[in-house]
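Subject: Structure handover

Hello,

Here is the structure I promised you. Please open it beside this message; my notes follow below.

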Amino acid sequence: MSFDEFEKQVMGYLLRERTEQNVLFSKQYAIAKVISREFTGHGFFSDYHVPDSAFALPDKANAYLGCTGELEGVKHGIGFVLFVQNGVIGTLEGYVNGDEAWPETIGIFKLT
């Protein structure tokens with residue numbers, strides 16, 4: 001599986017509940033572009049650019065959404081945090097729990 005496909009599945013899981021907020025974030029994600037991605041050795045940061053034409057949360061709030069999971073080859077599990085800045089999705093962080101390295105390839109995974 002490509003990393004881009006993996007990231008799409010993570011974002012789909014984070015935004016799976018059809019709340020008003022998540023519907024808005026899903027629309028933002030649909031038109032967002034990854035402007036940078038940094039692999040840290042123990043995880044990654046993907047930064048998004050959402051066009052100004054997208055709707056932001058009315059109160060321009062800062063927030064975050066998160067989940068955990070299991071990934072083949074990672075003993076203590078993984079986690080993800082989607083950071084929302086000024087009402088717009090901004091950065092997705094992925095990390096391993098513990099001091100293991102992030103795997104070079106994405107194998108079987110389960111999000112919880």
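How many residues lie between β3 and β4 in their hairpin? There are six, and G73 in that turn has a positive phi of about 90°. Helices (H or I, at least four residues) and strands (E, at least two) are DSSP runs, numbered from the N terminus.

A word on the source. This is a predicted model, in which local features need pLDDT of at least 70 and side-chain atom pairs count only at pLDDT 80 or more, while totals for chains, interfaces and linings use all residues. Residues are numbered from 1 along each chain as its sequence is written, and side-chain values use heavy atoms, with hydrogens and water left out.

Confidence comes next. pLDDT is the predictor's confidence in each residue, from 0 to 100. The protein's mean is 93, and 100% of its residues reach 70 or more. Among its elements, β2 has the highest mean pLDDT (97) and α2 the lowest (93).

Now the sheet. It is open, with six strands in the order β1-β2-β5-β4-β3-β6 and antiparallel pairing. (Two strands pair if DSSP finds at least two bridges between them.) β1 (33–39) and β6 (109–111) are the edge strands, each pairing on one side only. From one strand to the next, the twist averages 20°. Axes here are lines fitted to C-alpha atoms, for helices over the stretch in contact; angles run from 0 to 180 degrees between N-to-C directions.

Look at β3 (residues 63–71) in detail. Seven bridges join it to β4 (residues 78–85), and the two run antiparallel. T68 has G79 as its bridge partner in β4, and C67 stands opposite F80. Three bridges join β3 to β6, also antiparallel. There, E70 stands opposite K110.

Two helices meet the sheet. Helix α1 (residues 3–14) packs on it, touching β1, β2 (43–49), β3, β4, β5 (88–96) and β6. Contact means heavy atoms within 4.5 Å. The direction of α1 makes about 75° with that of β2. Helix α2 (residues 20–31) lies across β1, β2, β3, β4 and β5, at about 85° to β5.

S46 counts as buried because its relative accessibility is 0%; buried means under 20% relative accessible area, exposed over 50%, partly exposed in between (1.4 Å probe, protein chains only). Beyond four places away in sequence, S46 touches F3, E7, S36, R37, G90, T91 and L92.

Best wishes
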